[in-house]
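Here is a short briefing for a reader new to this structure. Please look at the sequence and the model before reading on.

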Amino acid sequence: MRFAVISDVHGNALALDAVLADIATQGVDATLCLGDHVSGPLDPAGAAERLMGLDGPVIRGNHDRWLAQGRRDDRDLDPTDLFVARTLRADQHAWLAGLPATDVFNGEIFLCHGTPGSDNAPWLDGWYHDRRSTLPTEEVVTRIADGLDYPVMLCGHTHMARSVRLRDGRQIINPGAVGLQLVHGSPDARYAVIERRNGKWLTSLRVVEYDHHAASQQAVDNGFLPWKAALATGWTDAHGLF
Ligand SMILES: [Fe+2]
């Protein structure tokens, strides 16, 4: 069994097309998707259209939940999500609102956006302070996996590609972001391929080049200048994007 894992498309249909083309060369049985599908000032309707046609499980992220609620947890929608809310079709809003927070695929792969208990908490990375991300301790990462009896656990949300193996052999994998690269200094799209071979799960973290200058220009054309450098370089943090 071989699966692609994508997350954090953030409305970037150009990056998603490049990743889906790469996935088509990988001989996977299905593509799994971990949320924050549309929240970017690029082509949210185009991203939703592609993701609604995926052949694997799709869960929601914090931004997808906020769009469905019509507000963030503690305040109104940010300008980016207001743009997205106006851009999506009614059937796409309905699709977002119906997505589950977590899922289990094939009985052995657990999917969540942030952590099992929260779509807005980070698991394998601390959140960024300016341009620095901080790493949680082994104890913190392991405690979040308490009680989850799955050999593979998937998360997204922090946009940092990482593969962790706990001492008991269970793996936690963040495929990184398809559509919005932050702080690690590359504009290229990220995703993961996981494969069970001889009873063991193996992980490949993949990097896909795409026309990030065109994506950056889309954001500028839609009036969202702070997204320009983030999409063009991958060096900035999320400040000012949402
Ligand atoms: Fe998120």
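**Where to begin**

At 2% relative accessibility, Asn 62 counts as buried (buried means under 20% relative accessible area, exposed over 50%, partly exposed in between, with a 1.4 Å probe and protein chains only). This is a predicted model: local features need pLDDT of at least 70, side-chain atom pairs count only at pLDDT 80 or more, and totals for chains, interfaces and linings use all residues. Residues are numbered from 1 along each chain as its sequence is written, and side-chain values use heavy atoms, with hydrogens and water left out.

**The iron site**

- Asp 36 (OD), Asn 62 (OD1), His 113 (NE2) and His 157 (ND1) coordinate the iron ion at 2.1 to 2.3 Å.
- Donors are N, O and S atoms within 2.8 Å of the metal (3.2 Å for Na, K and Ca); water is not among the atoms, so sites may look incomplete.
- The site of the iron ion is irregular, with angles of 87 to 170° among its four donor atoms.
- Four donors count as tetrahedral if all angles lie between 85 and 135 degrees; four count as square planar and six as octahedral if opposite donors are over 155 degrees apart and all others between 65 and 115; anything else is irregular.
- Along the chain, the donors of the iron ion follow the spacing D-x25-N-x50-H-x43-H.
- Asn 62 sits in helix α3 (residues 62-69) and His 157 in the loop between β7 (152-154) and β8 (162-165), so the pair ties together parts that are 95 residues apart in sequence.
- Helices (H or I, at least four residues) and strands (E, at least two) are DSSP runs, numbered from the N terminus.
- His 157 counts as buried, at 6% relative accessibility.

**Helix α3**

- Six of the eight residues of α3 are buried, so the helix is mostly covered.
- The buried residues are Asn 62, His 63, Asp 64, Arg 65, Trp 66 and Leu 67.
- Their cover includes α4 and α5 (90-97); contact means heavy atoms within 4.5 Å.

**The five-stranded sheet**

- This open sheet has the order β3-β4-β7-β9-β8, with mixed pairing.
- Two strands pair if DSSP finds at least two bridges between them.
- β3 (103-105) and β8 stand at the edges, each with a single partner strand, so one side of each has no neighbour in the sheet.
- From one strand to the next, the twist averages 20°.
- Axes are lines fitted to C-alpha atoms, for helices over the stretch in contact, and angles run from 0 to 180 degrees between N-to-C directions.
- β7 and β9 (residues 171-174) run parallel, joined by three bridges.
- Val 152 has Gln 171 in β9 as its bridge partner.
- β8 and β9 run antiparallel, joined by four bridges.
- Arg 162 stands opposite Asn 174 in β9.
- The hairpin of β8 and β9 has five residues between the strands, and Gly 169 in this hairpin takes a positive phi near 100°.

**The four-stranded sheet**

- A second topic is the open sheet with the order β2-β1-β10-β11 and mixed pairing.
- Its edge strands, β2 (30-33) and β11 (200-208), each pair on one side only.
- Here the twist averages 25° from one strand to the next.
- β1 (residues 2-6) and β10 (residues 189-197) pair in the antiparallel sense over four bridges.
- The bridge partner of Ala 4 in β10 is Val 193.
- Helix α1 (residues 13-24) lies across β1, β2, β10 and β11, at about 25° to β10.

**Aromatic pairs**

- The whole structure holds five aromatic pairs.
- Rings of Phe, Tyr and Trp (its six-membered ring) pair if their centres lie within 6.5 Å; planes under 30 degrees apart count as stacked, over 60 as edge-to-face and the rest as tilted.
- Phe 83 and Phe 224 have ring centres 5.5 Å apart and planes at 65°, so the pair is edge-to-face.
- Both Phe 83 and Phe 224 are buried.
- Phe 110 and Tyr 150 form a stacked pair, 5.8 Å centre to centre with 20° between the planes.
- Ring pairs link Phe 3, Phe 105 and Trp 201 into a cluster.
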